Amino acid sequence: MSTRPISGSAVALVTPFRQDCSVDTVALRQLVRFHIAAGTDIIIPCGTTGESPTLSMEEQSLIIRTVKEEAGEKIMVAAGAGTNATDHAVELAKNAEKAGASAILSVAPYYNKPSQEGIYQHYARIAEAVSVPIIIYNVPGRTGSNVAASTILRLARNFGNIAAVKEASDNMAQITDLLEERPEHFSVLTGEDMLILPFMAMGGDGVISVAANQVPSAVKQLVEAARAGRLDEARAINTRYRRLFRLNFIESNPVPVKYALALMGMIEEVYRLPLVPLADENRLILKEELQNLGLL
């Protein structure tokens, strides 16, 4: 077991909307209760899976407050608070802390493609603005640039509240560098459900998972089995759910997972533009897999 405070199975929570596209706080509370019952370690509202680019500052506060009220002290709330303008990212982080978040997940600046020094200064500014732990979110496939291991390690060594990274790449060399060279307080988590098994076997601390929206108990069990070295058990869980892990990205996240949760009766199937419902052929594929897994 990791002794670092940010570890285990974390869910990148969807944001449920009503038919008028307003935040559905009733469904949101039900999702929190679902994760508490499943043993999820950390719940992360207002991240990319929560359609954060479409949320206003007021909605961010509402969602975090609602999740925190329902979670109490039963589960850590680490809220998404990131964007590609540093001053705005600082504002989002401060807003999330004020709303009750116990930690911040902040995505690397996207589209502008800053240098590594620019990325360092971006996170340094956020770290100086809040007191809660910060999780760096490195997702090159979405941001258009990689946060190098050297930059992440420099931040972790220079700021006590730079506490973790969500490494959502398949760059095993970079992951190895992070795991072998990190300071004692710093957690390394994968953002790829398909990589939980090898990542944990390498000494990772956990996952920030999309599939945990649908199968939180299974993701938790996979993380714990792999971390404890029960590899036969971990492989069996991974084999059972690996197709679901893949199908959650058959179209842009979080469209598939929200469709699945709607089929499971947990939320309404409502997205904010520019996201739109799954194509008909993909709806059939995902529904069939959910039926195969006994989720419907």
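In the predicted model, the axes of helix α1, which spans residues 25-38, and helix α2, which spans residues 57-71, come within 9 Å and cross at roughly 45°. That angle makes α1 oblique to α2, and the crossing of these two helices is right-handed. On the side of α1, the contact is made by Thr25, Leu28, Arg29, Val32, Arg33 and Ile36, and on the side of α2 by Leu62, Ile63, Thr66, Val67, Glu69, Glu70 and Ala71. When these residues are sorted by class, the contact of α1 with α2 has 7 nonpolar, 2 polar and 4 charged residues.

Helix α6 (residues 149-158) and helix α7 (residues 172-181) form another pair, with axes that come within 9 Å and cross at roughly 25°. Angles under 35 degrees count as roughly parallel, and α6 and α7 are therefore roughly parallel to each other. The crossing of α6 and α7 is right-handed, and their contact involves Ala149, Ile152, Leu153 and Arg157 of α6 together with Gln174, Asp177, Leu178 and Glu181 of α7. By class, this contact of α6 with α7 has 4 nonpolar, 1 polar and 3 charged residues.

For helix α9 (residues 216-227) and helix α10 (residues 231-247), the axes come within 9 Å and cross at roughly 145°, and the crossing is left-handed. The residues of α9 that make the contact are Ala218, Gln221, Leu222, Ala225 and Ala226, while those of α10 are Leu231, Glu233, Ala234, Ile237, Asn238, Tyr241 and Phe245. The contact of α9 with α10 has 9 nonpolar and 2 polar residues, with 1 charged residue.

By class, the lining of the largest pocket has 14 nonpolar, 14 polar and 2 charged residues.

The second largest pocket holds about 280 Å³ of space. It is lined by 16 residues, and those closest to its centre are Tyr137, Val139, Arg142, Glu192 and Phe249. The lining of the second largest pocket divides into 7 nonpolar, 6 polar and 3 charged residues.

Glu51, a residue other than glycine, has a positive phi, with a value near 60°. The peptide bond from Asn253 to Pro254 is cis, with omega near 10°, and Pro254 has its place in the loop between α10 and α11 (255-263). A cis peptide bond also joins Leu273 and Pro274, where omega is about 15°; Pro274 is found in the loop between α11 and α12 (280-292).

Note on methods: Residues are numbered from 1 along each chain as its sequence is written. This is a predicted model: local features need pLDDT of at least 70, side-chain atom pairs count only at pLDDT 80 or more; totals for chains, interfaces and linings use all residues. Side-chain values use heavy atoms; hydrogens and water are left out. Axes are lines fitted to C-alpha atoms, for helices over the stretch in contact, and angles run from 0 to 180 degrees between N-to-C directions. Helices (H or I, at least four residues) and strands (E, at least two) are DSSP runs, numbered from the N terminus. Angles under 35 degrees count as roughly parallel, over 145 as roughly antiparallel, 65 to 115 as roughly perpendicular and the rest as oblique. A crossing is left-handed if the near helix is turned anticlockwise from the far one by less than a right angle, and right-handed if clockwise. Contact means heavy atoms within 4.5 Å. Ala, Val, Leu, Ile, Met, Phe, Trp, Tyr, Cys and Pro count as nonpolar, Asp, Glu, Lys and Arg as charged, and the others, Gly among them, as polar. On a 1 Å grid over the protein atoms alone, a cavity is a set of points where a 1.4 Å probe fits but cannot get out, and a pocket is an open set with protein on both sides within 12 Å along at least five of seven lines; lining residues have an atom within 4 Å of a point. Grid points are joined across faces, edges and corners, and a volume is the space filled by probe spheres set on the points.
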